[in-house]
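Keep the 3D view open as you read.

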Amino acid sequence: MGGGILLIRKVCVFMEKENNRNDKCNKCNKFNNRVKYILLVLFGSAFICAAFFIKYMFYSEPYEGYDMTDYVALPDYGEIIEANSSDNMTDEEKSDILQEIIIQTEILNYPEKETAKWKKLYDEYYRGLAEDYQAEDFTAFISEMLGMSESEYEEFLEAEARHTVAEELCIYSLAEETEVEVSDQEYRQFLNGILEQFNMTEEEFRDSYGKSITEYGEENGIRTQLLKEKVINELFGGKGE
């Protein structure tokens, strides 16, 4: 996990440089900030909050082939935007409005495959954290660090997985309605930008971090974050700074 933390820090630096280089591009800046938010590990006196790790297929978007109407009922998001927006909104304000849309979205069904995937990834993260702390007893670790029993930990994983799936369902449903998507070329170009910033070839990246740049993108949900930014741009149009 030590190499992973170093990788997170380097990517955050990359995002910051991208923000400076694209100072007039709110869309790019917002994406970079949101990815940094997802990657950031917050250290507290009693507990380290989890950075979220996601695993997606490179040439297949999450929820590809899903009939969204079976899983999600969107609210009148146009009305929510109209009631809360202004002509000079910040990126944070746009994100807050999107979160309100997500909150008001009704989840009809949680797809088992995606929910199980998320639950597994969260569990892997916390078990990896326990290894970093050289904890011999995982049950004791979650009791001390999370203040949970084993049964409470299982409930926690399920709740976190469902929360994440709910957000994803909303984003992909909005993307479908607004007819936006992230092409393989766009996704690959962004990953190539990370390699360029690190001044590495794909082979050097794998040797340094034990994973390919594609695997890195899959594990950190970069494609979904790109899509989220496109959805925000489409929903709010020219409103903003």
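This briefing walks through some aromatic rings in the structure, grouped by topic. Please bear in mind that the model is predicted. A pair of aromatic rings is described by how far apart the centres are and by the angle of the planes. Here, the count comes to 14 aromatic pairs.

- Phenylalanine 205 and tyrosine 209 make a tilted aromatic pair, with 5.0 Å from centre to centre and 50 degrees between the planes.
- You can find both residues in helix 9, which covers residues 202-209.
- Phenylalanine 205 and tyrosine 209 are four residues apart, which is about one turn of the helix.
- Both phenylalanine 205 and tyrosine 209 are buried.

**A pair between two helices**
- Phenylalanine 205 also pairs with tyrosine 216: the ring centres are 6.3 Å apart and the planes are at 65 degrees, so this pair is edge-to-face.
- This pair links distant parts of the chain, with phenylalanine 205 in helix 9 and tyrosine 216 in helix 10 (residues 213-219), 11 residues apart.
- Phenylalanine 205 counts as buried because its relative accessibility is 0%.
- Tyrosine 216 has a relative accessibility of 2%, so it counts as buried too.

- Which residue lies over the face of phenylalanine 138? It is arginine 127, at 4.1 Å from the ring centre.

Note on methods:
Residues numbered from 1 in each chain as written. Predicted model: local features only at pLDDT ≥ 70, side-chain atom pairs only at ≥ 80, totals over all residues. Heavy atoms only, no water. Phe/Tyr/Trp six-rings, centres within 6.5 Å; stacked < 30°, edge-to-face > 60°. Buried < 20%, exposed > 50% of the residue type's maximum accessible area, 1.4 Å probe, protein only. Lys NZ or Arg CZ within 6 Å of the ring centre and 35° of its normal.
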